[in-house]
Structures are given as C-alpha cells and as structure tokens.
Amino acid sequence: MVGLYGPRRLCAACFTLLVLVLAVAGVSFSDRAEAEENNRLRVTFINPGISDADNPTGTFWLSVSAFMRAAADDLGIDLEIVYSERNHLLMRQQAQEVAARAKPPDVVIVVNEKLAAPEMVKVLDRAGIMTFVLLNTFIDDQVAEMGRPREKHRGYLGSLIPDNHAAGEMLARSLFDQARLQGLGAGGELEVVAITGDHVTPAALARNRGLHRAVAETPGVLLRQIFVGEWNRDKAGIKVGGALVRYPGTSVIWAANDPMALGALDAIRQAGLEPERDVVIGGINWDAPALAQVGEGGLAVSVGGHFMAGAWALVLLHDYFHGRDFAELGTELEFPIFSTLDRQSVDRYLAVFGDGDWGKIDFRLFSKVYNTNLTRYEFSLEGAYAALK
C-alpha cells in the first residue's frame, strides 16, 4: 500500500500474513517482535496546554492527554505528547524540531491555538510528515491559505473539531432556564455578563456566536458585556468583580471555560452574593473542580466532552492507517461531542469517571477496523458509557 509520502503501514490482515511468512521462514521471535513494533502507528501530539495541573487555566489539556493515552493503549499506537505551556511561539518551535528528527512520527496532531497551526502544518508537510488538526481549525484567511486537507498540503490529512457554536448556545440556554427556575429576573430582564477566552481562538469565537444566538432567540434576556478572561480563573475573577459593580443587576454569568466560571464564583462570593439565589454561573470543560461545584450548587452547569476529541482523532487515524479512510465522511469533521452536566446528571458521571481512570473504556469498540459493521462513529459521552469494559 502506498500512502501520501511513500509506503503506508501495513493493514492488520497484511501484518498477520507477514508474521506467518516470517515464522515459516524461520525468522526469530525477537525479529518478529521488532517487525510488529515497527508496524505500530507513531503519533506526536503538540499539546498547547500547561503540563502542570496547578495552574489558573485549569486541567482541560491534561484531560485531553489522559484520554488520548488510554485510547492509544487500546489501539496499539505509540503516542508522544509534548506541551507548549500556552506559548504559541514554543508550539511552532516544537513543530520544527519534530520535522528535523531523523526518525519522525507518522502523524503530528496540532491545534490552531492563537492561530499558530498553519506554519506548523507547512513545516511538517515539507518534511514529509502527515498532520491532523484538532479542536481549533483554520479560520478566515487561513482557510484559503491552507486549502482543504490533502490538496495544497498533501500531508494535511484532516481535522476534527467539536461544535463549539452549539456548546456556547447550550450553556447559555441552560443558564437562562436555570435562572428562570430560581425566579431571577422576575418582572424584568435577565441581565447577563459573559467571559470569553480570547479574541482570536476559533473555539472562543464560535462559543461567543452560540451565546449571541441564544440571547437573540430568548425573550427577556439582556447581554450587558463580554469580557476577555484569557481562559484564566484569577483574571476572570477580577473582571467579574468589576462587572458586578458596573452591573449590579447581573443574574447570569456565562463563561467560555470552567476556570473562568470558577473565577466568577469567587467574585460573587467576595461580593457577598450567593450562587443560585442571586446569580447562576456556568462554564465549559468538565474540569474536576467545576464538576464538584456543580454537585454542590456553586455552578449551575458545565458543558463538556470535547476533551475526548484527541482520542477520537486517534481512532480516525488508526482506521485510516489500517485501510478505513475517514474521508468517506469528509476530511473536515465536526461532531456534536458536547453534552451538559447539571446537578441531576453529574453524579452518574462522577461515579463512573470521577477517578480519571479512562482505561475502563474499550476504545476498540469505536473503531471501524475492529468493528466492520459500524456505520457511524459514536463519539460521545453516551458512547463512552456504552464502551465500559
């Protein structure tokens, strides 16, 4: 089989035949083991997040990595993860270093954080290394610059993003409903303050659009202002503290990630207000501290599931390298990965996955190579529940 840049790795059936041939030829067990090792898909993930869990931007990117490692173990993938520590310049440098290796990986997974991915894809493509774009893909002028996957840059295999527009809208509607149930804004408008992550990241912009749509379609809602919290709990807390002085009637706080939602919770408590009684707050990520607050009533809701996207990308790449090309669905994939955890649903999630042991999921059940009758990829929380070992 010949791939984009030369020989593709052998499909599972072909490799089994090779092992039998080697055995008949009297090749030693160690040589056969080496052949099997050389046949494993090698993937490097340049993770834009911070490697230390104790940081004010939360643990989302660590969760992405942990979920990916469990999937890689089940799928027989050699996975390397390098962290860029929220530094887009370092991210580009890491792509250059991978491209210069004598023995590079088969695929590098990159994220268009701070719009840095085009240069990463280009340098890797020139080195003959395939790439896959995860979570944040190309926007605006970048789309024309990069072209569609497998066209202008042949090694750019595809992309997978969650529907961030839906996530922003889902969070907003859940908060509006909860605020009404609590009797907030009675006789008047629900006053909303929002905290976005930044002005450029595609996920942030899409979540903002979802918020605006929910506001436009929900009577009696007034969006006071959107602040930038830089995905950071401490900075969001400072911004919300000021907003509460400027907008004392605030009854809903929408945050583009959980750390910023927790920062908002810090601020309302410092202002002498109580969650639920005075203000409802929600975020996106399913970070463990946020889910604990959902259970305790500090936060009304957390929208999440997108930390699973890295593992879903590994499933797609595994299937591609074993003869089931995900291009049959398209090369620029967007899945409705998000779902909502509120006080009614968070207990089940924490009971099953609160220990962070993703190894209890059989990721082979998501693969079309292992399950030839699969007609669609079930990339969701319910799919994860159904795949428990």
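Which elements do the buried residues of α11 pack against? In this predicted model, the buried residues of α11 pack against α10 (258–270), β12 (301–304), β14 (339–342) and α13 (346–353). The points below begin with the chain as a whole and then turn to α11 and to a pair of helices.

**The chain as a whole**
- The chain holds 14 helices and 14 strands, and its radius of gyration of 23 Å is close to the 21 Å that the globule rule gives for 389 residues, so the chain is as compact as a globular protein of that length.
- The C-alpha trace spans about 85 × 45 × 35 Å along its principal axes, and 54% of the 389 residues count as buried.
- Where contacts join residues at least 6 apart in sequence, 75% of them are between residues at least 24 apart.

**Helix α11**
- Helix α11 covers residues 288–296, and its buried residues are Ala290, Leu291, Gln293 and Val294; seen down the helix axis, these fall within an arc of 160°, so they line one face of α11.
- On the face turned away from that buried side, α11 carries the exposed residues Ala288 and Glu296, and just after the helix Gly297 takes a positive phi of about 95°.

**Helices α4 and α5**
- Helix α4 (residues 88–99) packs with helix α5 (residues 117–126) at an angle of about 10°, their axes lying 9 Å apart, which makes α4 roughly parallel to α5.
- In this contact, Met91, Arg92, Ala95, Gln96, Val98 and Ala99 of α4 meet Glu119, Met120, Val123 and Leu124 of α5, and the residues involved divide into seven nonpolar, one polar and two charged.

Terms used: Residues are numbered from 1 along each chain as its sequence is written. This is a predicted model: local features need pLDDT of at least 70, side-chain atom pairs count only at pLDDT 80 or more; totals for chains, interfaces and linings use all residues. Side-chain values use heavy atoms; hydrogens and water are left out. Buried means under 20% relative accessible area, exposed over 50%, partly exposed in between (1.4 Å probe, protein chains only). Helices (H or I, at least four residues) and strands (E, at least two) are DSSP runs, numbered from the N terminus. The arc is that of the directions from the helix axis to the C-beta atoms. Contact means heavy atoms within 4.5 Å. Axes are lines fitted to C-alpha atoms, for helices over the stretch in contact, and angles run from 0 to 180 degrees between N-to-C directions. Angles under 35 degrees count as roughly parallel, over 145 as roughly antiparallel, 65 to 115 as roughly perpendicular and the rest as oblique. Ala, Val, Leu, Ile, Met, Phe, Trp, Tyr, Cys and Pro count as nonpolar, Asp, Glu, Lys and Arg as charged, and the others, Gly among them, as polar. The radius of gyration is taken over C-alpha atoms; the globule rule is 2.2 Å times the number of residues to the power 0.38.
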